[in-house]
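Trainee: I would like to go through the labels on this model one by one. Please set each value against its cut-off.

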Amino acid sequence: MLAYLRLTLICWLIYLAITANIEPSNLVIGLLIGGAIAVILRPVSQPMSLSRLPLALLNLARYTLWLGVDIIRNGIRVARIVLDPKLPIRPGIIAIQAGMKSELGVALSAHAITVTPGEQVVEIGDDGVMYTHCLDVVTSAEGAEEAQRKRRAMLQSIFE
């Protein structure tokens with residue numbers, strides 16, 4: 001039960017960070033979406049000591065800030081591509097190794113990639129490889145492994 005509540009809360013906070021709307025109706029919708037995601041993902045309960053909670057919350061705030069900056073930076077990059085008269089896109093699919101121990105970690109990594117403009121995870125292999133469609137495959141491939149390394153480190157510091 002605690003695992004469901006924890007995942008619901010995390011999904012709810014991510015939803016609120018993405019929508020940046022704290023109207024009561026949006027709070028309820030975000031909570032329902034977070035609950036639905038928790039039910040679908042069926043998280044496995046992991047013991048967590050209360051002594052780790054402050055550090056986990058700090059790392060969650062760092063992850064949310066990092067993700068927000070990444071979304072804004074890539075949004076500007078995609079806007080430049082779209083507004084360029086030459087439309088310099090080089091679409092393609094790259095494989096990114098998730099490197100996460102849990103399915104939740106892989107799902108959150110895939111979510112972070114998908115909410116970033118210009119990239120979308122289209123499939124996750126049984127071995128944890130995330131096949132990601134990119135608007136500019138060359139630029140995305142250059143930074144994909146480093147971005148996943150940072151994402152993995154932050155998510156592991158939150159959940160493990």
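Trainee: Why is Arg 90 called partly exposed?
Mentor: This is a predicted model. Arg 90 has a relative accessible area of 40%. Buried means under 20% and exposed means over 50%. The 40% of Arg 90 lies in between, so Arg 90 is partly exposed.

Trainee: What makes Arg 90 and Asp 136 a salt bridge?
Mentor: The closest N and O atoms of the pair are 3.0 Å apart. The cut-off is within 4 Å, from a side-chain nitrogen of Lys or Arg to a carboxyl oxygen of Asp or Glu. Asp 136 and Arg 90 therefore count as a salt bridge.

Trainee: Which parts does that pair tie together?
Mentor: Asp 136 lies in the loop between strand 3 and helix 5, and Arg 90 in the loop between helix 3 and strand 1, so the pair ties together parts 46 residues apart in sequence.

Trainee: How do you know whether Asp 136 is buried or exposed?
Mentor: Its relative accessibility is 7%. Buried means under 20%, so Asp 136 counts as buried.

Trainee: What else does Asp 136 touch?
Mentor: Its side chain makes a polar contact with the side chain of Thr 139, at 2.8 Å. Leaving aside neighbours within four places in sequence, Asp 136 is in contact with Arg 77, Ile 81 and Arg 90.

Trainee: How many salt bridges are there by this rule?
Mentor: The count comes to 3. One of them joins Asp 70 and Arg 73, with the closest N and O atoms 3.6 Å apart. The limit is 4 Å, so the pair qualifies. Both residues lie in helix 3, 3 residues apart, about one turn of the helix.

Trainee: Why does Asp 70 count as buried?
Mentor: Asp 70 has 10% relative accessibility. The cut-off is under 20%, so the label holds.

Trainee: What makes Arg 149 and Glu 146 a salt bridge?
Mentor: Their closest N and O atoms are 2.5 Å apart. That is within 4 Å, so this pair counts. Arg 149 and Glu 146 both lie in helix 5, 3 residues apart. Arg 149 is partly exposed, with a relative accessible area of 42%. Glu 146 is partly exposed too, at 38%.

Trainee: What does helix 3 pack against?
Mentor: Its buried residues pack against helix 1, helix 4 and helix 5. Among those buried residues are Tyr 63, Trp 66, Asp 70 and Ile 81. Helix 3 has 31 residues and reaches 44 Å from its first C-alpha to its last, close to the 45 Å expected.

Trainee: And helix 4?
Mentor: Helix 4 has 13 residues and reaches 18 Å, close to the 18 Å expected. Its buried residues pack against strand 1, strand 2 and strand 3, as well as helix 1, helix 3 and helix 5.

Trainee: Why is Val 106 called buried?
Mentor: Val 106 lies in helix 4. Its relative accessibility is 12%, under 20%, so Val 106 counts as buried. Not counting residues up to four places away in sequence, Val 106 touches Ala 98, Met 100, Ile 124 and Met 130.

Trainee: What makes Ile 29 a member of a surface patch?
Mentor: Ile 29 has 41% relative accessibility, and counts as partly exposed. Patch residues need over 30%, so Ile 29 passes that cut-off. The nonpolar patch is about 420 Å² and also includes Ile 33, Ile 37, Ile 40 and Leu 41. Ile 29 itself is found in helix 2.

Conventions: Residues numbered from 1 in each chain as written. Predicted model: local features only at pLDDT ≥ 70, side-chain atom pairs only at ≥ 80, totals over all residues. Heavy atoms only, no water. Patch = residues over 30% accessible without salt bridge, like charges linked within 9 Å, V, L, I, M, F, W, Y side chains within 5 Å. Areas by Shrake-Rupley, 256 points an atom, 1.4 Å probe, with all protein chains shown as cover. Helix = DSSP H or I, 4+ residues; strand = E, 2+ residues; numbered from the N terminus. Buried < 20%, exposed > 50% of the residue type's maximum accessible area, 1.4 Å probe, protein only. Expected span 1.5 Å × (residues − 1). Contact = heavy atoms within 4.5 Å. Polar contact = N/O pair within 3.5 Å; in protein donor to acceptor, adjacent residues only side chain to side chain.
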